[in-house]
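Subject: Structure for you to look at

Hello,

Here is the structure I said I would pass on. Please open it first, then read the notes below beside it.

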Amino acid sequence: MRLIKETNYRGLLLTSVFSMLVMGLVASGPALAASASEIDHKVTDVLKRLYDTTPGSKILGDKAKGILVFPKIVKAGFLIGGHMGDGALLKQGKTVAYYRSIAASFGLQAGLQAFDYVLMFMDDASLEYMDKSRGWELGTGTSLVVLDKGVAGSLSSTTLRKGVYAFIFDQKGVMAGIGLEGTNIIKITPAP
């Protein structure tokens, strides 16, 4: 009986310490933030990689009113987790604003993972909704569709005209499950 109690206390202690570390990383976002030039460089690389590896994504990107690119989002968790990363909004191939993607979660989860994701805004209304929102939560206010390589390969310029389309790719590390639910996107001003 004593061994069970010690094991439970150790597990609870380890879970608490790990959770505090994860949440500390998420909360210290400004201290870990990349500069605007670093973000721009990473955004260019990620968008090129998406176009090179996912058929149909270039067609969609050419028709998009805006493209929000988040390179190297880091997700970590053990029961309590979170993810964070900085990205840039492109209009006609040029950076017009910078954003932070941040989320916290609670539940059965364990691991550490990095991934990239790209949001393509297909109509002005969806782009305006994000611009006017202070802390837009993905999945609210405008339609969001997550595309995989199979679906993206069958896209045409007439297939998709409204809403926001997401590509999640280049996952590295081990984490049970990946998704964008509960993700908040907030505008930031990084150092030059």
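A nonpolar core is a set of buried Ala, Val, Leu, Ile, Met, Phe, Trp, Tyr and Cys residues joined through side-chain atoms within 4.5 Å. Buried means under 20% relative accessible area, exposed means over 50%, and partly exposed is in between (1.4 Å probe, protein chains only).

The model is predicted: local features need pLDDT of at least 70, side-chain atom pairs count only at pLDDT 80 or more, and totals for chains, interfaces and linings use all residues. Residues are numbered from 1 along each chain as its sequence is written, and side-chain values use heavy atoms, with hydrogens and water left out.

Overall picture

The protein has six helices and six strands; these are DSSP runs (helices: H or I, at least four residues; strands: E, at least two), numbered from the N terminus. Along the sequence their order is α-α-α-α-β-β-α-β-β-α-β-β. Of the 192 residues, 42% count as buried. A contact means heavy atoms within 4.5 Å. Among contacts in the protein with a separation of 6 or more, 73% are between residues 24 or more positions apart. The accessible surface is about 10,600 Å², and 60% of that surface belongs to carbon and sulfur atoms. Such areas come from the Shrake-Rupley method with a 1.4 Å probe; for residues, only the protein chains shown count as cover.

The cores

Which residues touch the most other members of the largest nonpolar core? They are Val-69, Val-118 and Met-120, in a core of 22 residues. At least two residues of this core come from each of helix H3 (36-53), strand S1 (66-91), strand S2 (94-121) and strand S5 (164-175). H3 gives the largest share, six residues. A second, separate core has 17 residues, including Phe-70, Tyr-99, Leu-119 and Val-164.

Leaving aside neighbours within four places in sequence, its contacts include Leu-50, Tyr-51, Gly-61, Ile-67, Val-164 and Phe-167. Tyr-51 is in helix H3. Not counting residues up to four places away, Tyr-51 touches Ser-57, Lys-58, Gly-61, Ile-67 and Met-120. Phe-167 belongs to strand S5 and is buried, at 2% relative accessibility. The C-alpha atoms of Phe-167 and Asp-116 are 8.2 Å apart, although the two are 51 residues apart along the chain.

Charged residues

Side chains of opposite charge can pair when their charged atoms come close. A salt bridge is a side-chain nitrogen of Lys or Arg within 4 Å of a carboxyl oxygen of Asp or Glu. How many salt bridges does the structure hold? There are six.

One of them joins Lys-48 and Asp-52, with the closest N and O atoms 2.7 Å apart. Both residues lie in helix H3, four residues apart, about one turn of the helix. Asp-52 is exposed, with a relative accessible area of 56%.

Another joins Arg-49 and Asp-116, also with 2.7 Å between the closest N and O atoms. This pair links distant parts of the chain, with Arg-49 in helix H3 and Asp-116 in strand S2, 67 residues apart. Arg-49 is partly exposed at 30% relative accessibility, and Asp-116 is buried at 6%. Asp-170 and Lys-172 also form a salt bridge (3.0 Å, N to O). Arg-49, Asp-116, Asp-170 and Lys-172 are linked in a network of salt bridges.

Is Arg-100 buried or exposed? Arg-100, in strand S2, is buried, with a relative accessible area of 9%. Its side chain makes a polar contact with the side chain of Asp-86 (2.7 Å). A polar contact is a pair of N or O atoms within 3.5 Å; within protein, one must be able to donate a hydrogen and the other to accept it, and residues adjacent in sequence count only if both atoms are side-chain atoms.

Lys-72 and Gln-92 are not glycines, yet each has a positive phi of about 50 degrees. Lys-72 is in strand S1 and is exposed, at 55% relative accessible area. Gln-92 is in the loop between S1 and S2 and is exposed at 83%.

Regards
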